[in-house]
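Please keep the model open while reading.

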Amino acid sequence: MTNIDYLRQIETAVLSCVSSDPIRRQQAYTFVEEIKSNPTQSISIGFDFFNKNQQFNPLVKHFGLQCIEETIKYKWTSLDSQLKLSIKERLWLLMTEHDQLPVHLKTILVRCVCEIAKREWPQQWPLFLDELVTLSKLNSTNDYSLLILAYLIEDVIVLQTLNSIRKRDIQTTLLQHGTKLLEFIEYFLDLSNTISSALYALTMFATFLPIEIFFSTKIIDKIVYLLNSSIHRMKAAEFLSVISDRRGKYEERLPLLQLFSYLFQNGSHYNDLYSIINIQQSNDTYDFMKQYAMVITALCEQLCYLCGSDDLNKKAPLPEQFSNGKFLQVLLTLMQHPSIYISLYGYQMWLQLIRANIFQENDYQNILPIVLRSLCHSLVKQLYKKNVDSEQDVASYYIHYDFEDESDYQKFVGKNRAILIRSINNICKTSKNLSIAIRIGFDYADYCFQSININNLLLFESLVSYWQIIEKHLRSLLKPFESFNNLKLLSNTDEISFCQHGQKLIEKLLLINNDNNLEFLSYSLRLLTNLYVFTRGENTWTQRILEHLFRTITTERQIISKLNPLQKQASCLIDLCLNYGHSIFIYFNDLFKVTQDLVRQQTSFEQQTKLAGWQWSILVECLAILLNYFESFQQQAILINELIQPFAEILNKFNSNVNDLQSFIDYIGLKTTPDATSTSNQRLIFLSVHILCGLLRRITLPNDPSICSTGGYQETFDGIIFIRNPASPAFIQLTHCLFKLLNYCHALHSPNSPLSKSSFSFLSTMTDAEKAVYLQQQDNNDDINILSSIQTNSLILSANDRRLHNRFSSFLDRLEILIGIYLTLKPDLYKLDDSLNIIGTTLFSSLDNLPDFRLRNIIRYCFLPFIRHCPMNTMIIAIFESLLPFMYTKLKDKWKIITERQSIKLTNGNIHENNDDNYQTQDRCEEEVIEEQVTCYLTRDFIDVIKNLLIHQNNTSDNTNQLINSNDIDETSMDEMMTTDEQNIGDIHSRKLTIQSRYQQIPSEFALKILQDSSIICQYCLLILFDGLSWPDTSSITKMSHICQSLIKYLSILINGNNNFLRQLYIYILCALKIHGDNEPIVCMLLSLSILMYDTFQQTSSNLFDNVLMEIPDVTNEQVNNYRDKMQRQINGKPLSDKQKRDILKQLVQPLMGQNVAQMFKREPLALNNLPPLIRFSKRSLHPVLQHQQQQNTDNDDDHGLVNLFQHTDG
């Protein structure tokens, strides 16, 4: 026994480990670590702390057991057999004498036994189960046996902390005795003091034992009974959730259907809890309700799998509790529960049942109206209230309990609404269900328009959301040539009835014109367009709706708040034109005339009343959409020219008055005290660019080849047939103005710019919204203006300066997008005499002075569409011979700074901190995060440019169809008004082209010729792609490695025998291995690249690569020779697989590669040896150990002591 004074010294040290004095704490740490380093001493000390004659602090006892546990974990194999036996006996003695230990001590004591079992049982500890039985018989309150079994299963089977051999040995033995072990545990379910531990053990057994075993006992019945117990129902529900969520074959999961008869029997109070919706439940009860909802959801999934299969041989009959409606009643109460968390489980089950199609038709039709009404009310967005009266507002109380803050709640709301939308969409897939959904929608509208609810904005918003979903299924009502699943969309009776009801509702909406409640008015506009389908496209209704929308949107209003509610919903007019343009087109001339007059009024300098830009840009974009219904190029071109004429005058005026940078600054009023003229100039130029960008984006090219040929859209240029954009004639006239405007805007970023030395230098920096995007603070589900919620440390600006900053940044974004769309106007733009000069000057204007975030926009908005659409290889070569060297230098320098900035260096598993970096404040960290994020995205976007260069096809008339939708601009920075769901549908074709580009040949014949013709392009493409493999951005490396893999086989013709350059490329790959050695997926890609290059040049340059490999530290000539021989070896006449080659190379270059995180902080290896193998046997046969014992003593079949397990005596 250890000296008592020494034990007290250890106690003092352990307690000092939590001291606030760092010196004392460090001394204590050092002392206790020295104790744990001696296994014999630490074992002795651990047990001595439990001496009955002495009292020690529970924390010290915990330390003592921890010493024992760590010795077992890391030193067990080095201990002699006598000490091992002593440890087992003393642990058993502790469990016998201390059955009332605190939970934390009992837990670590049990884990000590588990660690021994993981190393000894069953081969070297055959009586382990017998000893557990004996332990359990000593005292009926002793639950050590249950906890040992539970923790053993958790470690071995659930967490899988052992190797596969030991795991198989233990799991096989447990399976062999599964039935008797369950009977053993079942006994403890009847003892009040051990129910909790028994449930825990059963939950662990439920993770792997055959499901049918549980139903062969009374365990399920007893556990379901415990669901009514306020003490044990939570653990009972946890067991049921585990067993209900089991996976496996049909036959293995079939017994789970029996759970329906257990859970949905009469008198089950736990199911009735969900019916109590007006009274707040206690926290414990509410937690149980959520856990039990998981059980029902998992069971519903099993029902769909077992009863909804298309294979009749694997399709079980529905349980009686489903057929008689008991399960469905619980499902409905879940969906109608005030807790958004619980109701989500109900809707998830609803989706599962619909997909499985296991409803009986009558039941489905009866339940459907109830579900739809519930869905309508669930669409109502509950506010996150700061102060909650739990008695009056049960739903808000549950929200506060479930979510830490409002942002956490808003994220969940987004997920919840997505489930609700899918639920409604699934219902509307059949004509009969769609009719029911429409009826419920009208009933809900009547409810919302009741006098008591008419001012409830959240209720009205949910009504709009519901009809937005329904409307997508109704559009074919105005398209008579389309059908609904080969049937008429609605019956004649329903169609007449719905149209009458819809027109009455539209009449109500047309009377809403309340400027005092703009949010209500804005939602009414959206609902109006959603109900338009019920007008059947009749001219009278169409005219009234258009007049109402036009009048509401173009009315000038003085808005005090930052955001006009109408602005967000005004895009409903655009959606109306996109979806029902064929019905609205007849009013094009009227709309065109009125809009043109309005635009002329608003762009005149004398106009006193000014509308916001979004108001008249909406109208212009709608006209652009309707213009696409013309089938004559000439007619479209004339109308577009008339439409943009006011903006052309504004830009031409700018062009004639501005000749240098200073005059540009003065012209748009970027000065401290701008006059009225310059303020007006700024407004008109900003809005002109905004509208021209939106208009040009909305113009699409005809998809019908016959219209292209007869409508005058085709034009031949350099022997190639192009489909011209009808906007080209009008927009080409503005080329010099717009490109000049972009040149001056970029020149503002120059360090010598007058702006950089003025108080307006902030215009060249990021706005708060742009910072938020890169800091990933933007919440897409939040309707609040992002500027009000951003917590970035930005420049302190006045309110006017901040507004100017946002306007200028938005203007410049749209100007860059507009220039990018210009580059798709082929052949008109490229036919200009000075096209190369115009494009080159604009794209490279002040490129080296642009901030990185602005450079990224130029790359993806301008250079990407340029390489996709430029038809002239001479222009491509001229542009890229300047771009590639610039970007290579730029990116390499940026990544060098980022790499060197690391303040923590990992060397041989140790962490060394650079104490010189004390300047790193929160502001500095934020700036660095933004800089790194911008660099990552800039790199990825430029790699996309290079990839498009390498897949660029020679323009021929064969690929005319691929050029139809040419406005393929990345619009991620554009606001909601510029990007709608309906517009995204129109861009599907161009997106498909982007996806198809992944499978195109790299390099294409056209790209290969460019690489051969231009040594500069070839050299810098290879440098960026191979040197970039070392840059610490996984996404970029993945993209580059795929391109490199395709280029390697062409290197011989690209580098023209330049072995030095080839050697350098190989070195780049090895350097990347050195940097990314801790990233296994990247290492795999890099090894494959290295092997591919080695195999490709094996015959000509293998010695060159061998010399490089021998320069790796600790790599010898003999190792390299062995590597070369192994790579050429064949196994059974077959070459080595890619994995075998990677393993060989990885072993060679291991000294070069970095360590992964697990290797850096690797602890002492576990003391774990494989035991003698068990004889393989079936689950039904007796364990080999037991067979041996039967042969020795047939009269004493102790079966590990399991035969007499259940003859309990409390002795």
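A salt bridge is a side-chain nitrogen of Lys or Arg within 4 Å of a carboxyl oxygen of Asp or Glu. This is a predicted model, in which local features need pLDDT of at least 70 and side-chain atom pairs count only at pLDDT 80 or more, while totals for chains, interfaces and linings use all residues. Residues are numbered from 1 along each chain as its sequence is written, and side-chain values use heavy atoms, with hydrogens and water left out.

The count is 47 salt bridges. One of them joins lysine 385 to aspartate 393, with the closest N and O atoms 2.7 Å apart. Lysine 385 is partly exposed at 38% relative accessibility, whereas aspartate 393 is buried at 17% (buried is under 20% relative accessible area, exposed over 50%, partly exposed in between, with a 1.4 Å probe and protein chains only).

Arginine 417 pairs with glutamate 461 at 3.2 Å between the closest N and O atoms. Helices are DSSP runs of H or I with at least four residues, numbered from the N terminus. Arginine 417 is buried at 15% relative accessibility, and glutamate 461 is buried at 9%.

The loop between α23 (394-402) and α24 (406-427) holds aspartate 405, which is partly exposed with a relative accessible area of 34%.

Turning to cysteines, a disulfide is a pair of cysteine sulfur atoms within 2.5 Å. The count of disulfides is zero. For cysteine 112, the nearest cysteine sulfur is that of cysteine 114, 9.2 Å away. Cysteine 112 is buried at 0% relative accessibility.

Notes:
Helices (H or I, at least four residues) and strands (E, at least two) are DSSP runs, numbered from the N terminus.
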